[in-house]
Number of protein chains: 2
Amino acid sequence: MIKFRAAKPGDEQVIFELICELALYEKAPEQVTNTAEQLAIDLFEDKICDAIVATLEGEIIGFALFYVSYSTWKGRCLYLEDFYVKEAKRQLGIGAKLFDEVVAIAKSRQVKRMDWQVLEWNEPALQFYRKQKAILDGEWVNGRLFFD
Amino acid sequence: MIKFRAAKPGDEQVIFELICELALYEKAPEQVTNTAEQLAIDLFEDKICDAIVATLEGEIIGFALFYVSYSTWKGRCLYLEDFYVKEAKRQLGIGAKLFDEVVAIAKSRQVKRMDWQVLEWNEPALQFYRKQKAILDGEWVNGRLFFD
């Protein structure tokens, strides 16, 4: 029985492990400099972002992490920063249900748009998002400056 | 004499005109459904985002609009949503100074990274960001869902 709930203090260790799993899949594990402790502060104290988890028999097997963002063209948006289901638990429709949960949250917050990014070579993810009737646009380049 | 200052109530009309100018340049003017009135609420009442303006003899000739975002890999970031200088006022180094102002704000807020997006065919902008020693990464596709 899959259940979904808001992330709560104590979940940060497992969520952070899943973040690292996803970074490994995205071929960038060395780019993760965040920590579970910092994540707990950002999620539960400073509330910069928000997360929900999918649980199976009490065990967290997936999560979605998001925050309110802003489009000058549209207004208030929801940015889905990470969205992940453990590999061993896929093909059970959990991802689609988790995605629906995030969409419901976006709608309840009355945002104009939900945004995320997906790697251009991540065909299973692209296929999943196409099924969700998402617009996929590869015309934009990410600009970044890193600070120490 | 170029000056920079935080945007303040009353600036929303000019900032919104510049947003529309930029959207036109980005070949998507029809995608702007936001309004100056809503922008004023989002900037000055709900404070979802923040903006600075560049003025020349009291006239607003450029702006930068940004908000705090979050990276699961890095932590707290600053997302630069819009960054624009009026075409007639370019080649005077105003853009570089405005960009420096945003970088200074990002550093003062102790974020780990500053992010933005640029269209892959916008060569003048890409060249500008290369000069700022930015990392430019075209490997990610934007996923989007729009809500009515």
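Tutor: In this predicted model, 52 residues of chain A are in contact with 52 residues of chain B (contact: C-beta atoms, placed from the backbone, within 7 Å). Local features here require pLDDT of at least 70 and side-chain atom pairs pLDDT 80 or more, while totals for chains, interfaces and linings use all residues of this predicted model. Residues are numbered from 1 along each chain as its sequence is written, and chains are lettered from A and ligands numbered from 1 in the order in which they are written.

On chain A, at least two residues of the side touching chain B come from each of α1 (12–25), α2 (36–45), β3 (59–71), β4 (75–85), α3 (94–108), β5 (113–119), β6 (135–137) and β7 (140–146) (DSSP runs numbered from the N terminus: helices H or I of at least four residues, strands E of at least two). By class, that side of chain A comprises 27 nonpolar, 12 polar and 13 charged residues (nonpolar: Ala, Val, Leu, Ile, Met, Phe, Trp, Tyr, Cys and Pro; charged: Asp, Glu, Lys and Arg; polar: the others, Gly among them).

Strand pairing also crosses between the chains (strands pair if DSSP finds at least two bridges between them). β6(A) is joined to β7(B), residues 140–146, by 3 bridges, and the two strands run antiparallel. Within this pairing, A:Leu136 faces B:Gly143 of β7(B). Strand β7(A), in turn, belongs to an open sheet of 7 strands with mixed pairing, in the order β1(B)-β2(B)-β3(B)-β4(B)-β5(B)-β7(A)-β6(B). At the edges of that sheet stand β1 (2–6) and β6 (135–137) of chain B, each of which pairs on one side only. From one strand to the next, the twist averages 25° (axes are lines fitted to C-alpha atoms, for helices over the stretch in contact; angles run from 0 to 180 degrees between N-to-C directions).

Helix α1(B), residues 12–25, lies across β2, β3 (59–71) and β4 (75–85) of chain B and runs at about 85° to β4(B).

In chain A, β1(A), residues 2–6, likewise pairs antiparallel with β2(A), residues 50–56, over 5 bridges, with A:Lys3 opposite A:Thr55. β2(A) then pairs antiparallel with β3(A) over 7 bridges, where A:Val53 stands opposite A:Phe63. These two strands, β2(A) and β3(A), form a hairpin with 2 residues between them, and A:Glu57 in the turn has a positive phi of about 50°.

The helices α1(A) and α2(A), both contributors to the side that touches chain B, pack at an angle of about 115° with their axes 9 Å apart. From α1(A), the contact draws on A:Glu12, A:Gln13, A:Ile15 and A:Phe16; from α2(A), on A:Ala36, A:Leu39, A:Ala40 and A:Leu43. This contact has 6 nonpolar, 1 polar and 1 charged residues.

Finally, a rotation of 180° with 0.0 Å of shift along its axis superposes chain A on chain B, with an RMSD of 0.0 Å (least squares on the C-alpha atoms of residues with pLDDT of at least 70 in both copies). The two copies are therefore related as by a two-fold rotation axis. A:Ser69 comes closest to this axis among the residues of chain A, at 3.5 Å for its C-alpha. Both copies use the same surface, since 100% of the contact residues of chain A recur in chain B.

Note on methods. Two residues are in contact if their C-beta atoms, placed from the backbone, lie within 7 Å.
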